[in-house]
Amino acid sequence: MPNINTGDTSHNFDAIVIGSGISGGWAAKEFTEKGLKTLVLERGRDVKHLKDYPTTSMMPWEFKHRGQLTQQQKEDNPVVSKCYAFKEDALHFFVKDKEHPYVQDQPFDWIRGYQVGGKSLLWARQTQRWSNYDFEGPARDGFAVDWPIRYEDLAPWYSYVEKFAGISGNKDNLPGLPDGEFLPPMDLTKVEAYFKDFVSKNYSDRHVIYGRCAHVTEPQEIHKQQGRMQCQKRDLCQRGCPFGGYFSSNASTIPWAEKTGHLTLKPDSVVHSIIYDGQKGKATGVRVIDAKTKAATEYFAPVIFVNAAAVNTNIILLNSTSDRFPNGIGNDNGLLGKYFAFHNYRAVISGKYDGLLEYTTDGKRPTSAYIPRFRNLVKQETDFLRGYAAGFYGMRPSYSKPDGFGNQLKDNLHKKELGPWMVGSHMMGETIPKEKSRLFLDKDKKDEWGIPLVHTDIGYDDNDEKMVKDFFEQMTEMYTKAGFTDLKTHDSKQAPGLDIHEMGGVRMGHDPKTSLLNKWNQLHLVKNVFVTDGACMTSTSTQNPSLTYMALTARAVDYAVKEMKKGNI
Amino acid sequence: MLVSRRTVLKQVLFVSAGLAVLPSCLHEKKPPAYKVKNIELSSDEEATLTSLADVMIPNGEKPGARQVQADVYAMTLMDDCYTKADQEKFKTGLQAFRKEWKNGDEAFLKKMEETAPDASPASAFYHTYKGLLIQGYTGSEYYLTKVFPYELVPGRFHGSVLVNKG
């Protein structure tokens with residue numbers, strides 16, 4: 001067992017936050033701003049804004065392999081090398097397969113970023129709000145359990161986090177995708193604008209919009225206070241941004257929390273479990289293993305936020321066993337780790353457009369257009385449940401002809417021609433959380449830090465297959481009608497996980513018998529433990545989830561501090 | 001600065017003079033050894049890679065493939081980023097290619113241009129190596145600063161601009 005350090009005041013805090021990624025960073029900011037002495041535990045190394053972005057200013061020719069992975073890197077990392085951003089310029093921000101093993105009962109591509117900032121350095125920065133069509137989904141369609149909150153509960157908190165993070169967007173006035181606090185949008189391309197116009201004229205219920213994204217397109221006072229500047233449209237976000245042009249914990253919430261003087265950030269601190277005191281009837285602290293020395297220690301606080309990333313949060317709670325909770329903390333109903341879900345990103349369609357050839361683009365853009373969910377939005381209309389959103393891009397690449405050799409080839413390479421417009425969409429499908437889709441801990445195998453290995457037992461179902469088929473049919477129809485040609489559809493059959501939108505296992509709900517967390521993200525059975533990362537999600541909807549985690553976190557901290565003041569926690 | 005440039009100039013003059021007085025040794029001159037770990041190359045094979053790079057994108061007013069080290073890049077990629085099977089295919093193809101191509105034989109290269117990459121081992125080698133040389137050339141500092149400058153900080157995105165007809 002770990003050492004007991006109860007006498008050491010430096011081990012006592014007002015709040016403990018496990019994890020420093022997109023939601024943990026928010027918990028740190030909110031607690032420290034409210035004056036609470038806050039400990040943030042991060043299992044990975046420290047990554048300081050600006051200082052620890054080693055590749056951020058490198059020119060393409062300065063990379064030995066011009067961005068490509070080596071064969072050795074691919075062979076050593078069969079899982080993470082599938083991720084689009086795991087390339088020569090950003091691979092230092094990803095967990096390598098061998099360092100952190102897990103057991104795939106069904107294939108699951110678990111993409112991880114163990115460092116201060118977590119995956120907030122690497123995310124795709126798309127920030128679409130949920131609507132009541134999403135929160136009411138499980139109740140309307142009879143799956144999972146009813147969300148204990150509605151859009152109205154979260155709307156002010158969406159506004160709160162959007163203003164600070166800096167979200168670029170258009171007011172689109174769509175009931176299914178509520179507007180937020182937007183900084184100016186970047187341009188759609190000529191073909192994206194054409195398709196937007198075409199779709200709105202030809203489909204009453206379908207829309208193409210500018211994808212709202214966490215980029216500071218016009219810095220406000222609050223962003224200047226964070227030391228962040230206007231997005232310079234480098235489109236190299238995965239390297240870490242020297243301008244703070246996009247939102248990350250590293251550029252935004254963590255330094256903000258540090259400025260309050262109330263933050264203690266401990267990198268290389270692997271949380272083993274949460275300590276539960278049966279007599280007090282609450283959690284008292286956490287057991288931590290030093291990532292490097294493997295020394296055990298404990299920290300204590302009256303409130304604990306678990307923001308370790310969806311799978312890791314499940315692991316910590318499952319591993320937090322006590323006489324009172326032999327199956328994991330707060331887990332009387334046995335549902336912890338179950339009803340795990342993700343987004344279905346298997347399907348892509350691409351094509352070309354031979355019109356509008358008098359136009360092209362200039363510069364770069366770190367986002368694209370977005371097609372909000374239209375399937376089964378207002379009512380059930382297909383033989384599958386729920387639906388999908390899609391990205392949409394229309395870009396016009398230029399290229400040199402590779403013909404010939406000698407001076408002919410050399411001349412060719414010194415010229416560039418514009419090709420046709422290339423268009424494409426990828427599917428972002430809602431999946432249905434099911435009891436059999438689960439995470440659980442191995443009984444024997446442990447990692448280097450003495451924590452049981454997690455099993456992933458999550459797969460696609462018939463609903464997902466039907467949705468892929470429908471995506472291809474509907475997108476092919478829309479693309480064809482719009483005059484796009486050479487259409488190619490591709491089902492990657494990629495495993496769950498590669499979407500990097502894994503969610504659930506510690507779901508919110510009204511009833512302690514069927515859920516783990518209440519409407520404040522508080523464990524029903526242990527009121528001073530909160531979960532506000534992806535693990536809390538009751539259903540997945542189609543929107544990129546990070547913005548919702550941020551809003552849930554800020555809301556839950558506000559509630560927790562009020563409850564502490566009332567003496568309820 | 002001045003001193004080092006002079007040193008470089010002296011070396012260049014020395015090398016040129018050496019080549020001038022030792023023409024009979026030309027076929028034995030050592031080509032630049034490619035630092036490859038996973039592919040074994042004889043000096044003759046290396047010479048073919050070097051010669052083909054010179055022929056593919058020749059030096060002139062503007063630098064050629066070898067002047068921007070596109071051949072070094074090509075072999076680094078083949079060595080580090082390709083599978084064992086692809087490396088073996090490359091090596092076999094190189095050997096087949098060498099049997100049929102003598103430096104200066106443009107007709108054979110024209111034939112290669114018209115042959116599908118999967119038609120023969122020699123053709124597979126030709127197209128793979130050519131592709132890597134193009135990658136190395138168009139990804140070089142020369143190309144990305146002098147020909148089509150790479151913008152690290154564009155600071156702008158315009159979604160709809162008229163194509164410049166000039």
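A:Tyr276 stands opposite A:Ala283 in strand E9 of chain A. This is a predicted model, so to speak: local features need pLDDT of at least 70, side-chain atom pairs count only at pLDDT 80 or more, and totals for chains, interfaces and linings use all residues. Residues are numbered from 1 along each chain as its sequence is written, while chains are lettered from A and ligands numbered from 1 in the order in which they are written.

The partner of E9(A) (residues 282-290) is E8(A), joined to it by 8 bridges in an antiparallel run; strands pair here if DSSP finds at least two bridges between them. Strands (E, at least two residues) and helices (H or I, at least four) are DSSP runs, numbered from the N terminus. The two strands make a hairpin with 4 residues between them, and A:Gly281 in the turn has a positive phi of about 70°.

Over at the interface, 39 residues of chain A are in contact with 35 of chain B, contact being C-beta atoms, placed from the backbone, within 7 Å. E15(A) (359-363) and helix H10 (407-413) of chain A each supply at least two residues of that side, and E15(A) gives the most, with 5. E15(A) also runs antiparallel to strand E1 of chain B (residues 157-162), with 4 bridges joining them, and A:Gly363 stands opposite B:Phe157 there.

Key
Two residues are in contact if their C-beta atoms, placed from the backbone, lie within 7 Å.
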